[in-house]
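User: Could you walk me through how to read a few features of this structure?

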Amino acid sequence: MILAIDIGNTNIVIGCIDDKKTYFVERISTNLSQTVLEYAITFKNILELYHVNPRGLEGAILSSVVPPISKTVRLSVEKIIGKTCLMVGPGVKTGLNILMDNPAAVGSDLVVTAVAGIREYKAPFLVIDMGTATTITCIDKNRNYIGGAIIPGVRVSLESLSQRAAQLHNISLEPPRHAIGKNTTECMRSGVVLGSASMLDGMIDRFAEELGEEPTVLATGGLSKIIIPHCRHKIIIDDGLLLKGLWIIYTKNQQNP
């Protein structure tokens, strides 16, 4: 069993996984001001909550899109498990063929979910990751990473709307009763929830058109369970995609040359 961690702009996903199953998945807030010790205490407490002995773990792997705290989190993990923590990045084997203008610029979280998708699902496929940003990753029929899209995240859009429009307040993200709202809150929920779902349906259609065939569509991320049920395309929600990808990359880098 290993400790797998993904640092996102809003949340840090942490879990334990091996070749048989994912034992748990938790999220904590990404905090740029926390120290190595503070993160170490948080991770240790989570492991204890699930009765996992940190020193009994085989190892750890980390991916991050927040460079300022990557080293801090890596050191905190190494402090509690007593072993080196592998970090996804240059020099780490992923087995993914990235056909982009600058492959090195592709976010590690996108690489990780693509690696998991290739192992678990039929290509071509799309991965929709709904976090601070909503990203769509496209893997073609030959299992090449060929590109994608980056869209303002659902909460980012909602916060911007409420901050910049004097008469619109912040609301909870709940499904609207109808597409045609009868009050300000219901109108906002219709726009944010159903509008986001419709946008994803439209993007899936455009990706399918460029691919020349219908792709399998996967979704992950903290907001996927709120938005995806309102999409009209068949979309598989796989919350464990990130950890599965981290496990695959970890094992690839433990094998002898």
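**Reading helices and strands**

Analyst: Let's start with G195, which sits in helix α5 (residues 184-211). Helices (H or I, at least four residues) and strands (E, at least two) are DSSP runs, numbered from the N terminus. This is a predicted model, where local features need pLDDT of at least 70, side-chain atom pairs count only at pLDDT 80 or more, and totals for chains, interfaces and linings use all residues. Residues are numbered from 1 along each chain as its sequence is written, and side-chain values use heavy atoms, leaving out hydrogens and water.

User: Is G195 buried, exposed or partly exposed, and why?

Analyst: Buried means under 20% relative accessible area, exposed over 50%, and partly exposed in between (1.4 Å probe, protein chains only). G195 has 33% relative accessibility, so it counts as partly exposed.

User: Which residues of α2 are buried?

Analyst: An α-helix has 3.6 residues a turn, so residues three or four places apart point the same way. In α2, the buried set includes I69, V73, V77 and I80. The buried residues of α2 pack against β1 (2-7), β2 (11-17), α1 (36-49), β4 (59-64) and β5 (85-87), with contact meaning heavy atoms within 4.5 Å. Just after α2, G82 has a positive phi of about 75 degrees.

User: How many bridges join β8 to β9?

Analyst: Two strands pair if DSSP finds at least two bridges between them. Strands β8 (residues 133-139) and β9 run antiparallel, joined by seven bridges. T134 has I151 in β9 as its bridge partner. Four residues lie between the strands of this hairpin, where R143 takes a positive phi near 65 degrees.
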